[in-house]
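The sequence and the model are shown first.

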Amino acid sequence: MTYEELEKTAAGKADLINVRRIVRDQAEKLAANTGYRKQVLVCGGTGCTSSHSRQVIEQLEKSFEELGIDDVLIVKTGCFGLCALGPIMIVYPEGAFYSQMTPEHAKTVAEKHLIKGGEIVKELLYADTVHADGLVIPFAEIPFYKHQMRIALRNCGVIAAESIEEAIAAGDYAALAKVLKEMTPDEVIAEIKAAGLRGRGGAGFPTGLKWQFTKQAEGDKKYVCCNADEGDPGAFMDRSVLEGDPHTVLEAMTIAGYCVGADEGYIYVRAEYPIAVERLNIAISQARKVGLLGKNILGSGFDFDIHVRLGAGAFVCGEETALMASIEGHRGEPRPRPPFSAQCGVFGKPTVLNNVETWASVAPIILKGSAWFASIGTEKSKGTKVFAVGGKIKNVGLVEVPMGTTLKTIIYDIGGGIPGGKQFKAAQTGGPSGGCIPAKYIDIGMDFDNLTSIGSMMGSGGLIVMDEDTCMVDIAKFYLEFTADESCGKCTPCRVGTKRMLEILTRITEGKGEPEDIEKIKEIAEHMKSSSLCALGQSAPNPIISTMTHFASEYEAHIYDKKCPAGVCKSLLSYYIEPRKCRGCTMCARTCPANAITGVVKSVHEIDPAKCIKCGQCLENCKFGAVVKK
Amino acid sequence: MTQDIFEGTEEQAAALKSCIESHRGEEGALMPVLHEAQNIYGYLPAEVQTVIAEGLGVPLAEVYGVATFYSHFSLKPKGKHKVSVCLGTACYVKGSDKILEAVEKELGVSCGECTPDRKFSIESCRCVGACGLAPVMIVDEEVYGKLTPKDVPDVLDKYMGD
Amino acid sequence: MVNLKINGIAVSVPEGSTILQAAKLANIRIPTLCYLKGVQCVGSCRMCLVEATGARGLVAACVYPVSEGMEVRTNTPRVRKSRKTTVELILSTHKKKCLSCVRSMNCELQKLALEYNAEEDRFGTDHDLKPIDDLSPSVVRDNSKCVMCTRCVAACNLQTIGVIGPKNRGYVKVIGSPFDVSLAHTSCVNCGQCVVACPVGALYEKSSVADVWGAIVNPEKHVVFFTAPSIKATLGEAFGLPVGTNVEGKMVSAIKQLGDVKCFNMDIAADLTIMEEANELLKRLMQGGVTPMFTSCCPGWVKFCEHYYPEFLPNLSSCKSPQEMFSAVLKTYYCQKTGIKPEDLYVVSVIPCTAKKFEISRDELGHYTDAAITTRELAKMIKEAGIDFANIPEAEYDKPFGVASGAGAIFGATGGVMEAALRTAAHILGGEGSPIEFKEVRGTRGLKEAEYNIGGGIVKVAVAHGLANARKAIELIKSGEKKYTFVEVMACPGGCINGGGQPYVHDEIRNNIDLKTVRAQALYDHDRESKYRCSHETPAVDMLYKEFFAQPLSKKAHELLHTHYQPREKY
């Protein structure tokens, strides 16, 4: 099939996509044109697949056969964003949002809702989409989605992730066609620059400028690379884009190839993302088949092809020179810059490297114009940003909001707040390279410069929410363990500095901290920031510095009082049974793995601190709240 | 040092050979070949790395340097069932360290080790992207989410039988 | 040219220069550790950090390019503090057995620690000692002293050997051979370039000093030393003399003061090698033998050929190396002449080379050499003996193996064996008045090629120094692109004067002068001043053929002066 033929059939399916995008009353009218009475979209992203969405689809297919339903389309999409509620299933044109589906639930929905004349099964809907008076609220209007603005994620959860036809029907490749037919490379670069798009991978470097440098670099061979080595443990927006809309990445890379004069590209993706890898490979072969990749793309005379390279578990490979070393088949050790990759990148050739989310923002800029994009966001941070919101928050998931949206909106309006009525303590952004935002900054607008100004950073957009039960010293130690483990070992400050700092922090959490430890940590941290070779080492101390700045008293409690205020650091804890509350039920003694609890039935039990291993089993199992942690 | 005895089949050797052939002359072939070799053998023993070094014309020390750099590559055989506990931030904040402890306790070996009967091996990983289900563990390909330490024995029980 | 200021001093340097290079012109010292000119430039140790306008943080002077109008500061509190902390962090990982370390007083880390006022225990000390690999006959690795500069790995890769490399990442990264096997069980050729690249005591030669002292004090033993051609040009460095000082007289004098020993001149064995090798080449050419013929003096090269190009073993000259020829002569001819029982004669060769330590263990060579000690080990013995090297009077080699030709002396530099052979071949074919100097084969260019008309025939020669060039030459021959008659190979870049057993020279010196050229010059000067310029003129050689071997390639010569080779596994 040629692209032109595919474009035609895809155009015929535009309404199929519109049904999923347009509000209910119009969608219902549109649905009549599509040939399908209803469409069932089931999330096939990693989150929902992990909670068995595949089995939900299988059950739907089975039920359809049994019930003779042949006019309902099942679509396996990418991520809807609300991962905590997976598997998620949305039925159009109603926009009915079913959550936490099981095969049994799917059967029920098929029988009661999807069947001709069926009705929405309210009790299986996500509770927030059912109004107190029983009316069903379209999911786009619930708080989680209402405050969002989806640019990079525009097609995720909307199109069938493995269908190039649906991708094209949803608008993918229109920007490429426009670029190849109507625009010169300089015009495209000017447009990206005017849009103010900055790299979403962490550093926030202006994308258009990057392309311009690569275009200006001399070289007979150039490359375009995609950084899909999403290393921040807790960020998964890149994965979602690759799983939900892989074609937009291929399209944007091809556009960049046209701009800088490259004919080959690499996507460097984590091996831990098998679904993303599979969909990328499917997308690439589909694009090749219809001439969207390969020789003479869309008859323009421009050649471009893309290869997928798998990472192998190294955080440092998110750093551009390390990533390129890895593509070249070496250890992922960064090298000093200059030369910058625009001059000397993969295999020593000029290379433009952007992160997945950045690539996903390119096509809308081309189609809707730089002015539109630049109108969103803040003065120096344009457009939207995807955050992977996790940790102690109700709506764990992916959230795309205009730059400058406050942390409060993200946590409370979109995220649904902290579960269990706990107090918000801090949010960590930027992963192991970032820092924490304490509660007092909850009204901060989230953009590149604001976050940097308070000692955190945007990073790739991981946002981990922590409550009163989180020990900030322990969190600092957690991140440092991560960076110490992920340090490539090339330069002295990072190789040795992470280890020495970790030793000191470990000592502190074990109650062996000494007053001078704070100064020593600060000294090593400063040294790593000023003297490490790459961004990993330079930013590795950030979580420690920021927790020390904002939560100094917690460090002091660990060092001077030998106490962990949040009750996390095991060595500093003791478990104790309140005699007044103990009913002598013997539950604690029976579950104690260390036989540290003595007492007979109906008498007060006691914990022997010498034997106690501080596992917390007694606390968890006591029905009377008699066990306390101090 | 105890050496694991390498036992490779002729089919595996042939698969490795054709993998190397298909990448010969390709720039940066080492990583893809190591990935495929690990898929074929389950791990990267010295014998396999030597064949790769010779086949791609890369010094063995470099092959070994790359294989030991990336945590995804293993130089030791894995258990029949691979148990992996996510220690990414989202999971850690929700107590995945306690899940790992429970797994270690249940199987009687530490993270990074293989049970003596080679049935299970335990490892930790950094985020599989299923943060919505935190804390998670993965057995083979199957993801188990929203776990508590108490769930661990039941999950592992499913794999004990075979 | 680019104009910049370093600490306020204006300098003008070619475009593409680094800050380190520019600073040298302004006479400003910037400390280095992982940088070694011609070997490695990776900016990883972070010792050379400086402040530069236009850069966000501190930048590594060894890799950072200069730009117009740049202002560099190398002596700010921030820079000094960074350097001090870097040294202190390294010291926290270092086995600080400095007093008894082979590199004590000559250690680059020690020097930096002193200069930056580093406290050795500020960040504690890692007490987990790593195993020492001392199974190789040539090289010992003590990773507890490793500072992770990776200069050794770069040196090994430069030789295209690559038997060592990094393992793991982060703090647990270590340098070693794959799968933790000993270096002894790899295809290491023992060239020792890793040892001379090491800034600290993590790599050193397997020492034979104790054995030699044992032999010297043993009344039953007659100890004979002989010194390789290049030692005279390098030993002085170990005593603070400028690089390139010829200390032949003092060296002989010092050796004789070590005890009741004799000291002979190995240059004679080099001359003897030429007699055999030149005749072997002529024989191959006349009788249609395998060509091109490769020299075989260098044990690193021989082992390289056995491991990596066994198909070329027939091309290797069957001549033993000068060390092995000399030892064989001493244990036979010399013993017969003096009446010393061969088992009572203890032969010590002083060599610039760690590979020779492996060579003496080869069965096919007959175990005639009892100990091979490096220039460094000899220096250590001289110091241990309390000899005032700088001030001792010069002495002459013992008879009958004292006077050699200049051709023998230049064996120590790349191209020297070739030139010596050409001198004698030209004489054999062309008679008196044949050319003496063949300057095209001298110098440190990569693979050197020349064509000579010798006795009416055209001889195409090639000279490879460093194993990368050797590999290049072989590949050219293999592909049929080049046809040579005779190829000289020395494993070490620059030849023996830059051997793995030569005195340690700090990066700061190596980064600013070319050791290979300066040391070689001492040998060429020696040659020019020699009474005899050609191997066949050397009286001792004449004597050996008259009294013992009859003629080159004779049966007896074959028995004692020639050998054979064995293919070895690559892994």
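The sections below move from a whole chain to selected local features.

**Chain A as a whole**

The model is predicted. In chain A, the secondary structure amounts to 28 helices and 17 strands. The chain has a radius of gyration of 27 Å, close to the 25 Å given by the globule rule for 630 residues, so chain A is as compact as a globular protein of that length. Its C-alpha trace spans about 80 × 65 × 40 Å along the principal axes. Of the 630 residues, 58% count as buried. Among contacts in chain A with a separation of 6 or more, 71% are made by residues 24 or more positions apart.

**Helix H23 of chain A**

Helix H23 of chain A covers residues 517–531, 15 residues in total. From first C-alpha to last it reaches 21 Å, close to the 21 Å expected at 1.5 Å a residue. Its buried residues include A:Ile521, A:Ile524, A:His527 and A:Met528, and A:Ser530 and A:Ser531 are buried as well. The elements that cover these buried residues come from chain A and also from chain C; among them are the following.

| Covering element | Chain | Residues |
|---|---|---|
| Helix H22 | A | 492–509 |
| Helix H24 | A | 535–539 |
| Helix H25 | A | 542–550 |
| Strand S3 | C | 49–52 |
| Helix H2 | C | 77–91 |

**The contact between chains B and C**

Chain B contributes 10 residues to this contact and chain C contributes 12 residues. On the side of chain B that touches chain C, the elements giving two or more residues are helix H3 (46–56) and helix H4 (60–69) of chain B. Of the elements on that side, H4(B) gives the most, with 7 residues. By class, the side of chain B that touches chain C comprises 6 nonpolar, 3 polar and 1 charged residues.

**C:Lys145**

C:Lys145 lies in the loop between strand S7 (139–142) and helix H4 (151–158) of chain C. Is C:Lys145 buried or exposed, given its C-beta neighbours inside 10 Å? C:Lys145 counts as buried because it has 26 such neighbours, where 20 or more are required. Apart from its neighbours within four places in sequence, C:Lys145 is in contact with C:His94, C:Lys95, C:Val200, C:Gly201 and C:Ala202. One of these partners, C:Lys95, is 50 residues from C:Lys145 in sequence, yet the two are 5.2 Å apart in space, C-alpha to C-alpha.

How values were computed
Residues numbered from 1 in each chain as written. Chains lettered and ligands numbered in written order. Predicted model: local features only at pLDDT ≥ 70, side-chain atom pairs only at ≥ 80, totals over all residues. Helix = DSSP H or I, 4+ residues; strand = E, 2+ residues; numbered from the N terminus. Rg over C-alpha atoms; globule rule 2.2 N^0.38 Å. Buried ≥ 20, exposed ≤ 12 C-beta atoms within 10 Å, placed from the backbone. Contact = placed C-beta atoms within 7 Å. Expected span 1.5 Å × (residues − 1). Nonpolar A, V, L, I, M, F, W, Y, C, P; charged D, E, K, R; others polar.
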